[in-house]
Amino acid sequence: MAATSGESQLQRIIRDLQDAVTELSKEFKEGGEPITDDSVNLQKFSYKLEYLLQFDQKEKNTLLGNRKDYWDYFCDCLAKVKGANDGIRFVKSITELRTSLGKGRAFLRYSLVHQRLADTLQQCFMNTKVTSDWYYARSPFLNSKMTSDIVGQLYELTDVQFDLASRGYDLDATWPAFARRTLSSLGSSAYLWKPPSRSSSMSSLVSNYLQAQEFPSSPDANSSLNVEHLEGFEEMRVELDQAELRQRELQDRIHHLEMENQELQAAVSLQKEQVQLEKEKKNNYSEENSRLTKMITELQKQCEVSHSTQSTVHDLQKCLQSLELNAVEQQKEYSTKLDQLITNKEDCASKLQVLNQELETSRASVSMKDLCIDELKAKLSSTELKNLNLLAKVDAALEEKGQQATAHCDSALQIRALLEKLQETEKEKADMQRLNDERASQLKTAREELQLKEEAQKELESRYNRLTADSKEESEKLLGSLETMAKEMDALQKDLTLKEKEMAELQTQAVSEECGKVTERLEELKRQQRATEEEIAELQAANTSLSRKLDEAREQLSESESARLQKEEEVTSLRELLARIQKEADEAKEKVLDYSEKLSKVAADKDSNDQKLFAELDDLTRTKQFLEERLIELIRDKDALWQKSDALEFQQKLSAEQKWQGDTEVNHCLDCQREFSWMVRRHHCRMCGRIFCYYCCNNYMVTKPGGKKERCCRACFNKPRVIVDSTDDSGSSANQEGSPASLESPVSPPERAFVANEASKTPDDAAFDIITDEELCQVQESDSLHSESQMEGESMDQSVTDLNSTCNSSTVDESEEWQVAQDAEICLLKSGEIMIKVPLTVEEILNFGESNRELFIKSSTYSIIPITVTEMGLTISWIFSSDPKSISFSVVYQESEDTPLDQCKVLIPMTRCNSHKETIRGQVKVRNPGIYTLIFDNTFSRFISKRVFYHLTVERPVIYDGSDFP
């Protein structure tokens, strides 16, 4: 009953989902405007679809214990599907979403906005292995009929446009119930569903910027400015909200810090009080130390007196130690004896256990043997009874057969048989008697063994009793000896106390006697001191008279010596002045010579620097003129391309109205001939109107300027869309859409103006390789770079290809212009899987040699060659080719190894090169020292590994010294 009720509820939910789809399509057709979050039908559709995705889903948890939801199911199904993982990468880039439920809701809204919900769900349901791993058997996604009905209804939403904001809602909690954004028609970049993709080329950006400057009065420019203002307004509002939240957090932190500050102040005051108390204690301790030092001096005097008494104490202590050692040795001997007794006791106990076990086993065997004897006796009695019965029967039979011997001859044979049986029974009886005798002998031996074992057990018990008695006697003796030792120790301690008292009395007597002697000595010393003081006073008076006379004589000598020294000093000063003047003259001559040489060198350096500056100015003026001419040409080419795209759009509309095929006209795919079914759906090409399957019609292209990308078949995608045949004064031609092979090929300008039709070529890596938005951006970027290489190849060097020209024109100082094109290369370096890293320096490249080196790159990986450069003005050149297919190439600049990847600058954006057909050449001029990384990318290939053969060279700048000037 529960299963039937669940199935009926599931069918009702599917019907409600179908009704919501029909109501959404009806609402879009009647209103003519995109559906927003204000629509009740959209809310109903979201809840019903989420219920189906969560119905009968298996419970899975992450390593952190978080519950997994249908978002993780989408990741498992679509993570490796090319073209379908843009939404997954975009949802992962939204930091506001924290739970898997919110991310799943954001992915469904992304699929609705990009009109690919039915395609993504169909790709998930086709992966039956992952679906069965995520859902139980009751899920509608494991039922082919239900899945076909659900996908068929969802395909009606491909023609419905949705205007849903990517941010600003708490999708982790509930679905949004109102539309917050009302400026969707103006294209606010803060809430658009733009997946992370490769940016457009720099040439288109420059042309747009210049065109906006030349034509400021155009309505498109005004609308773009309004959009930019509105975008800035919305971003400022979001930043204000974030700033308020930060301000609140800072206020909370300030409050916490104030509380902590108060607590710290209280702790500091307590510590100050403790420090004051410690100071007072120190003062008290110092006073006590002084008092103790006095006491120690007194005690030291007393110790000198007590040395005589200490010798006797030492003798007594030695006697005590000898007695203690004897007592310890006796205790050790007694302990060893006790241990031996304990071990003997344990051995006896173990032997007793073994004997008991043997007794038990022997008793068991005796009982078994008794039972066997009883059985044998019973058998003997039974056999004896049988023998008696047989004998009685034989006697009766003999009597009867003796009477009937003549009549019955057959009975004789029976009698013989009976006799034979009797003999056999007698033999069995003899065997049984032998067995009885043997068993009786065994019983006798067993009884004798039992008696012997019982006697041994009795002997062991008697020994055990003796040992226990001996151990008790020895322990009692030990206890008595210990008691006597304790009594002796008490007596010795009493003797010691008495002798200490006698020592104290002797010390006091000796101290009093010595004090009297010391006082007598002090009085004698005072008398001697007075006599010596009187003699000293007489000697001092005589000394003063002699010192006066000596001072007068010394004054006279000092006056004479001072006059002589003055004259000698005057002579030495004159000699020093002469030497200094001569040295200064020599130094002045040397300086004059040095200055003259430096002047000549400075003049020569100035001339050479002036010549170099003039040469560089000429180069800069030429490059400036060339760039200005190139910008003008690009603006003209862009105008022509817009006109031709409008004309093509008009022609496509006319052809679409004429050639649009109905669903009933075609039953097979017009490209791969696969038959259409509920799994293989019909898709119209928006260019030619024919019907194809999903894989043959999975290409997207822009059919009108400023419009969205629409589905088209392979033939229409590979056709040349816009061809510009007009050439300007310099003879250059531009090609807006072409094959990536034209990017590197050094072909003449008329040949480059046409694009070969590549519909007949096989795909690069797989039979059904879905082309993503990133690859479309690569194609457009490579075409714009190709148009630049044509102009510069005619004016500079025909041998240098498109990579050389773009690299020479790009410098590290133009970092602001390349910020748009940095995302793909830096994301690859951050999150891509690296295969090989070959670091090189300028010295290693100079010793590179003439041969090529090989670099192996697996599928879905990339390899890099970082080159560290410390000098400015160098030119790094490269030549490479790949096998068996094409490879993508890029150059990224990094100031040092410590700088983060976000601050790296892209010199050459990622470009798909046909290096398997021709060799690619290029070069970079070093303007700033740092790390120049060459990237060989193979992440676009899912199956094919590739080898790159490359050769690197370094050229130092040629300094013009002006030697050919007259």
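Tutor: One definition to begin with: a contact means heavy atoms within 4.5 Å. In that sense, the buried residues of α3 pack against α2, α4, α5, α6 and α7. Keep in mind that this is a predicted model.

Student: What makes α3 a mostly covered helix?

Tutor: Buried means under 20% relative accessible area. Eight of the nine residues of α3 are buried, so by this cut-off the helix is mostly covered. The buried ones are Y70, W71, D72, Y73, F74, C75, C77 and L78.

Student: How much of the chain is buried?

Tutor: Of its 966 residues, 33% are buried. The chain has 18 helices and 14 strands. Its accessible surface is about 62,600 Å², and 53% of that belongs to carbon and sulfur atoms.

Student: How do you know which parts of the prediction to read with care?

Tutor: pLDDT is the predictor's confidence in each residue, from 0 to 100. The chain has a mean pLDDT of 76, with 78% of its residues at 70 or more. Over residues 182–191 the value is below 50, and this stretch has 26 contacts in the model beyond near neighbours in sequence. Residues 722–822 also stay under 50, and there the model has 213 contacts beyond four places in sequence. Where pLDDT is low, the predicted coordinates should not be read in detail.

Student: What makes a group of residues a nonpolar core?

Tutor: The members are buried nonpolar residues joined through side-chain atoms within 4.5 Å. The largest such core has 56 residues, and F45, Y73, F74, L154 and L157 touch the most other members. At least two residues of this core come from each of α1, α2, α3, α4, α5, α6, α7 and α8. The largest share is that of α1, with eight residues. A separate core has 30 residues, including I908, C913, Y932 and L952.

Student: Which residues does F45 contact, leaving aside its neighbours within four places in sequence?

Tutor: F45 is in contact with L17, A20, V21, L24, L112, L117, L154 and L157.

Student: Why is the pair D37 and R109 called a salt bridge?

Tutor: The cut-off is a side-chain nitrogen of Lys or Arg within 4 Å of a carboxyl oxygen of Asp or Glu. The closest N and O atoms of D37 and R109 are 2.9 Å apart, so the pair qualifies. D37 is in the loop between α1 and α2 and R109 is in helix α5, 72 residues apart, so the pair links distant parts of the chain.

Student: Are D37 and R109 buried or exposed?

Tutor: D37 has a relative accessible area of 3%, and R109 also has 3%. The limit for buried is under 20%, so both residues are buried.

Student: What makes R12, D16 and K48 a network?

Tutor: The three residues are linked by salt bridges. R12 and D16 meet at 4.0 Å, N to O, and D16 forms a salt bridge with K48, with the closest N and O atoms 3.6 Å apart. D16 is in helix α1 and K48 in helix α2, 32 residues apart. A search of the whole structure finds 15 salt bridges.

Student: Why can R12 and D16 be described as about one helical turn apart?

Tutor: R12 and D16 are four residues apart in helix α1, so about one helical turn separates them. An α-helix has 3.6 residues a turn, so residues three or four places apart point the same way.

Student: How is D16 classed, and how is R12 classed?

Tutor: D16 has 18%, which is under 20%, so D16 is buried. R12 has 38%, which lies between 20% and 50%, so R12 is partly exposed.

Student: Why is L385 called exposed?

Tutor: Exposed means over 50%, and L385 has 53% relative accessibility, so the term applies. L385 lies in helix α11, residues 307–403. With L388 and L391, L385 makes a nonpolar surface patch of about 300 Å².

Notes: Residues are numbered from 1 along each chain as its sequence is written. This is a predicted model: local features need pLDDT of at least 70, side-chain atom pairs count only at pLDDT 80 or more; totals for chains, interfaces and linings use all residues. Side-chain values use heavy atoms; hydrogens and water are left out. Buried means under 20% relative accessible area, exposed over 50%, partly exposed in between (1.4 Å probe, protein chains only). Patches are made of residues with over 30% relative accessible area and no salt bridge: like charges are joined within 9 Å, nonpolar side chains (Val, Leu, Ile, Met, Phe, Trp, Tyr) within 5 Å. Accessible areas come from the Shrake-Rupley method with a 1.4 Å probe; for residues, only the protein chains shown count as cover.
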